[in-house]
Amino acid sequence: SPYSASKASSDHLVRAWGKTYNFPYIITNCSNNYGPFQFPEKLIPLMIINCLEWAPLPIYGDGKNSREWIYVEDHCEALFKVFIKGKLGEFYNIGSNKNHNNLEITKKLLSIASKHLVIGENVNINYIKDRPGHDKRYALNSSKINKNLSWKSSTTISDGLEKTFLWYLNNQNYFNSLKKNQIIK
């Protein structure tokens, strides 16, 4: 897809600067992040906000699009580790090594939401037409950073989703301010 091609081309551009001008670089690629302050158009905050507002939960296609999810604090720890111990001119993939499809994530969030609040009758999974070029699976091999820098993701998907849900529950002013500023509808 154009999205994937743009990501790959940015890596090539950095490498070209490194090779041509001896520019020092380290490239990291990360799996899908989630956690506090994520923009509400993304899957996890959208599902949480819709649970809070008793709105339907839109899922692209059949919901089987699979992603490797990583909690944002784990990603930040990995970036710091790369900054301190990474080798110039190297690539490091940062991921959790755990894939979950969108339907699984949504069902986990529904379960978490039902522990903390009453779910409205409109809160149900609503399958919608998939986007053109939407990748079926994102996955990384993070063995290099695990082995060479002794780093691995420590937050389980269940713990990370719980923390994320509670953050949005306790910080509804975040997404409400985006609505007031007409950033989201």
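Among contacts (heavy atoms within 4.5 Å) between residues at least 6 apart in sequence, 86% join residues at least 24 apart in the protein chain. Keep in mind that this is a predicted model, where local features need pLDDT of at least 70 and side-chain atom pairs count only at pLDDT 80 or more, while totals for chains, interfaces and linings use all residues. Residues are numbered from 1 along each chain as its sequence is written, and side-chain values use heavy atoms, with hydrogens and water left out.

Now the overall layout. The protein chain has seven helices and seven strands, taken as DSSP runs numbered from the N terminus (helices: H or I, at least four residues; strands: E, at least two). Read from the N terminus, the elements go α-β-β-α-β-β-α-β-β-α-β-α-α-α. Along the principal axes, the C-alpha atoms fill a box of roughly 60 × 35 × 35 Å. Of the 185 residues, 37% are buried, meaning under 20% relative accessible area, with exposed being over 50% and partly exposed in between (1.4 Å probe, protein chains only).

Three strands make an open sheet in the order 2-4-6, with mixed pairing; two strands pair if DSSP finds at least two bridges between them. Strand 2 (32-34) and strand 6 (99-101) are the edges, and each has a single partner strand, so one side of each lacks a neighbour in the sheet. On average, neighbouring strands here are turned by 55° against each other, direction ignored. The angles come from axes that are lines fitted to C-alpha atoms, for helices over the stretch in contact, and run from 0 to 180 degrees between N-to-C directions. Strand 2 runs parallel to strand 4 (residues 66-71), and three bridges join them. Look for N33, which stands opposite I70 in strand 4. Helix 3 (residues 72-85) packs on this sheet, touching strand 2 and strand 4, and its direction makes about 70° with that of strand 4.

Next, find N102, in helix 4 (residues 102-116). N102 is buried, at 7% relative accessible area. Leaving aside residues up to four places away in sequence, N102 touches L43, I59, G63, N65, R67 and W69.

W17 counts as partly exposed because its relative accessibility is 45%.
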